[in-house]
Amino acid sequence: MIYTLTLNPSIDYIVELSEVKLGELNRTQNEAKFPGGKGINVSRLLKRMGIESIPTGFLGGFTGRYIEDYLQKEDIQTDFVQVAEDTRINIKLKTKTETEINAKGPAIQEEDLTELKRKISQLSANDHLVLAGSVPSSMPATIYEELVKICSANGVTFTVDAEGDL
């Protein structure tokens, strides 16, 4: 089975308007809400290609429920760790140029991280893990390295799609 990991998922709230007038009331022309995060995007693309996968990572609050419900409506099985704080909402303003406002995301507690590591340690040599996207500021910058070591110990193949030092 293919598993996709998104440590800092989001709802991407996309609003389109002709222009943004700072300090004034602005009305949208179009709006859309989608589950966001690189790993989740990989699972959604794989589903469209007829390939099953299971997204995992951290979800919390009403925003986390929205993401989980959205994915289930797309017939994508999920296995997220539930956290105390709400999953973030990122805003994409589409005018002549696109402006993004990305939230920081929930604080991930030690017990949440322990639960995620437990889930990853249950994968086997028949599984593949895609680790994709940013790491929440409340987590160690070495988390991908830690999870890759767990994968290697269990014969799990993996792909990492991350930016910068990650």
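Mentor: This is a predicted model, in which local features need pLDDT of at least 70, side-chain atom pairs count only at pLDDT 80 or more, and totals for chains, interfaces and linings use all residues. Residues are numbered from 1 along each chain as its sequence is written, and side-chain values use heavy atoms, with hydrogens and water left out.

Trainee: Which residues does Pro 55 touch, not counting residues up to four places away in sequence?

Mentor: Contact means heavy atoms within 4.5 Å. By that rule, the residues that Pro 55 touches beyond four places in sequence are Thr 4, Ser 43, Leu 71, Ile 76, Gln 77, Thr 78, Asp 79 and Phe 80.

Trainee: Is Pro 55 buried or exposed?

Mentor: Buried means under 20% relative accessible area, exposed over 50%, and partly exposed in between (1.4 Å probe, protein chains only). Because Pro 55 has 0% relative accessibility, this residue counts as buried.

Trainee: How does Leu 45 compare with those limits: is it buried, exposed or partly exposed?

Mentor: The relative accessible area of Leu 45 is 46%. That value lies between the limits of 20% and 50%, so Leu 45 is partly exposed.

Trainee: Which backbone nitrogen lies 2.8 Å from a polar atom of the side chain of Thr 87?

Mentor: Thr 87 counts as buried because its relative accessibility is 3%. Leaving aside neighbours within four places in sequence, its contacts include Phe 58, Leu 59 and Gly 60. The backbone nitrogen at 2.8 Å from the side-chain polar atom belongs to Gly 60.

Methods. A polar contact is a pair of N or O atoms within 3.5 Å; within protein, one must be able to donate a hydrogen and the other to accept it, and residues adjacent in sequence count only if both atoms are side-chain atoms.
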